Amino acid sequence: MSQLLSNELLANIGRLASPRNEIVTRRDIRKYSIATGQRLKKYLEGDEAPPMFHVSLFWDVVEMDQLSPDGVSIDPLLPEFPLKKAMAGGLKIEYFKPIVPGDWLTATRTLTDIYEKQGSKGPLIFYEITMNVVNESGEKVLKETTTRILR
């Protein structure tokens, strides 16, 4: 039995965030491409979005008081965890279709797992969020799985 994870906390597995819809513009692709040092013409001219473009597309734009102490937007999808210090645990992105100007994309995020492990300096809580992105035709564009670690 877990020391930190109650049945109530684990009951949040499967929780869904409200879907987010965003339109992709050539200008946004170009700005992202320049900011991230892309070199391919298709990215710099905004014909196709480079890898990781979707991350900033779906980030929340929030007031400063809605940020955690480390500057990250407070995620309403997450329950209150007994451990607070967050660290990156991993990111896996599967791409199915290119992102191009004019795409209306819908992202749906799900809290897919919560588990505990014992670290060398004490307990750790891991949680996983899966984001599925589809285009206006319902075709899969990408799947992103993010793992975070709390200590």
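Let's start with one pair. Aspartate 75 and arginine 109 join their side chains in a salt bridge, at 2.3 Å from N to O. Where do aspartate 75 and arginine 109 lie? Aspartate 75 is in the loop between α4 and β2, and arginine 109 is in strand β3, so the bridge ties together parts 34 residues apart in sequence. Arginine 109 is partly exposed, at 23% relative accessible area. One caution before I go on: this is a predicted model.

Now the overall layout. The protein has four helices and five strands. Along the sequence they run α-β-α-α-α-β-β-β-β. The C-alpha atoms fill a box of roughly 55 × 30 × 30 Å along the principal axes. There are 151 residues, and 30% of them are buried. The accessible surface comes to about 9500 Å². Carbon and sulfur atoms hold 53% of that surface.

What about contacts along the chain? Take the contacts with a separation of 6 or more. Of these, 67% join residues 24 or more positions apart.

Next, the inside. In soluble globular proteins, nonpolar side chains tend to be buried together. Here the largest nonpolar core has 14 residues. Val24, Phe53, Ile99, Leu105 and Val133 have the most contacts inside it. Which elements supply at least two residues each? They are α2 (26-35), α4, β3 (104-119), β4 (122-134) and β5 (140-150). Helix α4 gives the most, with three residues.

Look at isoleucine 99 for a moment. Leave aside its neighbours within four places in sequence. Isoleucine 99 then touches Val24, Ile29, Glu48, Ala49, Phe53, His54, Leu105, Val141 and Leu142.

The protein has 20 positive and 20 negative side chains. The centres of the two sets lie 6 Å apart. Side chains of opposite charge can pair when their charged atoms come close. How many salt bridges does the structure hold? Seven.

Aspartate 60 and arginine 20 meet in a salt bridge, 2.4 Å from N to O. This pair links distant parts of the chain, 40 residues apart. Aspartate 60 sits in the loop between α4 and β2 (86-95), and arginine 20 sits in strand β1 (residues 20-23). Are these two buried or partly exposed? Aspartate 60 is partly exposed, at 42% relative accessibility. Arginine 20 is partly exposed too, at 27%. There is also a network of salt bridges here, linking Arg20, Glu22 and Asp60.

The other pair is arginine 26 with aspartate 47. Their closest N and O atoms are 2.5 Å apart. Arginine 26 is in helix α2 and aspartate 47 is in the loop between α3 and α4, so this bridge ties together parts 21 residues apart in sequence. Arginine 26 has 39% relative accessibility and counts as partly exposed. Aspartate 47 is partly exposed as well, at 36%.

Last stop: a backbone detail. Methionine 52 is not a glycine, yet its phi is positive, at about 80 degrees. Where is methionine 52 found? It is in the loop between α3 (41-44) and α4 (53-58). Methionine 52 is partly exposed, with a relative accessible area of 32%.

Key: Residues are numbered from 1 along each chain as its sequence is written. This is a predicted model: local features need pLDDT of at least 70, side-chain atom pairs count only at pLDDT 80 or more; totals for chains, interfaces and linings use all residues. Side-chain values use heavy atoms; hydrogens and water are left out. Buried means under 20% relative accessible area, exposed over 50%, partly exposed in between (1.4 Å probe, protein chains only). Contact means heavy atoms within 4.5 Å. Accessible areas come from the Shrake-Rupley method with a 1.4 Å probe; for residues, only the protein chains shown count as cover. Lys and Arg count as positive and Asp and Glu as negative; His and the chain ends are not counted. The place of a charge is taken as NZ of Lys, CZ of Arg, CG of Asp or CD of Glu. A nonpolar core is a set of buried Ala, Val, Leu, Ile, Met, Phe, Trp, Tyr and Cys residues joined through side-chain atoms within 4.5 Å. A salt bridge is a side-chain nitrogen of Lys or Arg within 4 Å of a carboxyl oxygen of Asp or Glu.
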